[in-house]
Amino acid sequence: MTEPMTDIAAKTTPLVKVENLRKLYPVSKNIFREAHDFVHAVDDINFEIAPGESLGLVGESGCGKSTTGRMLTKLTDATSGQILLDDKGELIDIAHIQRSDMRRFRRRVQMIFQDPFESLNPRRTVYDTVAESLTVQRIGRVQEREERVAELLHRVGLTPPESFLFRYPHELSGGQRQRVAIARALVIDPTFVVADEPTSMLDVSIRISIMDLMLKLADEFNVSYLYITHDLAVARYMCDRIAVMYLGKIVEIAPTEELLANPRHPYTRALLSAVPVPDPAYKRERVDIKGGISKALNPPPVCRFIERCPRATDQCRTSDHPGFDDLGNGHLVACYNL
Amino acid sequence: MADTLTPPTGELENFDPQRVVEEPLWRVRLRLGWRSFRRNWALFNDNKMGVVGLAIIALFGLMALAHPILMATIWSNHLEGGKNVYDIRAGADSIIVTKTIVEEVTDPLTEISQIEAMFLGTGVNIPEIGDTIESPLANPAPPVFSGVKHPHILGTDPFGGDVFSQLLFGARAAFLLGAIAAISSVALATLVGTISAYFGGVIDTLLMRLADLVILIPLLPLLIVVSGFWNVELTMLGILIGILSGLGGTAIILKSQALSVKVKPFIDAARIAGGGHWRIITRHIIPNVLPLSFLYMMFAVTGAIFTEAALSFLGLLNIQQSWGIMINIAHTQGYTLEGFDVWWLMFPAGLAITLFSAGFFLVGRAMDEVVNPRLRKR
């Protein structure tokens, strides 16, 4: 948030480059019947993340933002498209990764999960959990691993580390657990971390300290985040750029302050107008969007937002989903009526 | 160990990594294991039912241990006809009656010839006609409680064998069978359940249809047929019961537990750490299913003992001695309907089967409360 990261993104090669990524889930498929109905969870999205940059992925529930995160960490296979990861100048395509590249990929990309109560194995100690990737990838000797884990615990603020090393998750609070999860993600020195709403399950009082910790560690470890959230305020605090998703499509992507100051897509405007402002005298600008969230089941080839859009025109009803318009300054919008 | 760790980036104030590695890892694990055992024991101890069950099992454990010790010490020199009276299979004691020595035997139950009496006696003197002499009654003798040559705490069986010795040996057989059946059943069920839950798809379908098939076939009639074809011994019976009960209901229950573990985010986290299928199954899913596995281990013992007793009663097993065989012998020799007159033939063995099963069942129920927090009272 300190400097406009878009300049960096333009200059250097991106760390992660997502091209035409799609994920379709078949409906009612079995051995006797080919599926002909698909839920378009993620439908043809493109974005880039520069080294050290944090991209926020914002959208309502069910819009495909978690699916995107899971595809980037290879927890889910992409239906089509490419995810290119820059590993020291070499590009790895995560979507079609070779078995031999898998281990290298697991060292570069890590994930922080939403629910710290479910993301730690209750039968393993903090040490086991944090050291897992070191153990699996056979990095270092046992004593080195122990030192490394203790060091990470120290850096995520679990001090003194020796009193936390051999505790079980049920002996920790929610914030402490999320710190353990952060230590686990960073212990192997990744370059890219997918954070799937890491603060949404935490008490408001400890949310900010976890976010500050993540920002601090992003600098120290030089990692990029894909920060998935439904909270614009959190995205603003954490991210250099924000991508807004609606029903499997990215509708607008821009540097954080640019997006907040100058939202162009009607959906982004509606989202922003829904953010509460702590000022009783403030008159909010009403953005009328109609109805509830549409279904992503076999969407017709028109703009995904058309059913709820306040300014849909004939062009919107006859043409396919709009491509990105570059408004300059890294601001991309997918809408026919700007 | 090909790689070394990269030196940490960023500064670290007042942190000494050496401080944390003083205690070796295995000792930490031992300490943690002991701690969690103490905590679980406290929960288990809350429930007196489980403690009673454990006491019953301990009693049978002592019985099983006592048999070889008694055979080697107190019972070692009670020989008759070259065989130990207390031997569980060959041992036989006989009733002693007083017979009059006569020249010509007319009633073999009360009279004995001079020549026979000479062999019974210990001295060199030829027994006088008209004297009396103690002589064993021919086998098989009717089961008696007392009045025999050697002491029998619980009397003798229809063949003159010592019931108490057989009872003690039966405990050994029951423990052996129970352990084999329980371990093989639960090991199989845990593996089948977790693999089925983890991989899903075709593997899941195959394993679960197999489980349905095993549930469909009644265990006892199947074992009766099997024992007709093969010579079923105790270990083989244990493994058979283990396979048949492990593939059926227990596998399905453990699969349901594994399914609920499989969808937890920590499984995703393990995959992101780079863990393969085998590591995820053995390090993440099975440890979370294991408490339930132990629970079903207890119930598997009960099932195995009952099955063995039923098969032994029908005389279908090639087993040296067991509680079921004790009842079988009493039954086949026609003492089933004598009831309380020969109580020592049926009741010790029957009670042992009941108590042994009850002990494991009670422990299982108490463990259920430790494993399943919803059942806890506090």
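## Second largest pocket

The lining of the second largest pocket divides into seven nonpolar, seven polar and eight charged residues (nonpolar: Ala, Val, Leu, Ile, Met, Phe, Trp, Tyr, Cys and Pro; charged: Asp, Glu, Lys and Arg; polar: the others, Gly among them). A pocket is an open set of points on a 1 Å grid over the protein atoms alone, where a 1.4 Å probe fits, with protein on both sides within 12 Å along at least five of seven lines; lining residues have an atom within 4 Å of a point.

Of its 22 lining residues, A:Arg99, A:Met102, B:Gly274, B:Gly275 and B:Gly276 lie nearest the centre. The largest share, four residues, comes from α3(A) (helices are DSSP runs of H or I, at least four residues, numbered from the N terminus).

## Model and conventions

This is a predicted model, in which local features need pLDDT of at least 70 and side-chain atom pairs count only at pLDDT 80 or more, while totals for chains, interfaces and linings use all residues. Residues are numbered from 1 along each chain as its sequence is written, chains are lettered from A and ligands numbered from 1 in the order in which they are written, and side-chain values use heavy atoms, with hydrogens and water left out.

## Largest pocket

The lining of the largest pocket comprises 45 residues, with A:Arg123, B:Asn40, B:Pro291, B:Val370 and B:Val371 closest to the centre. Elements giving two or more residues to this lining are α1 (25-46), α8 (249-262), α10 and α12 (343-371) of chain B. By class, the lining has 26 nonpolar, nine polar and 10 charged residues.
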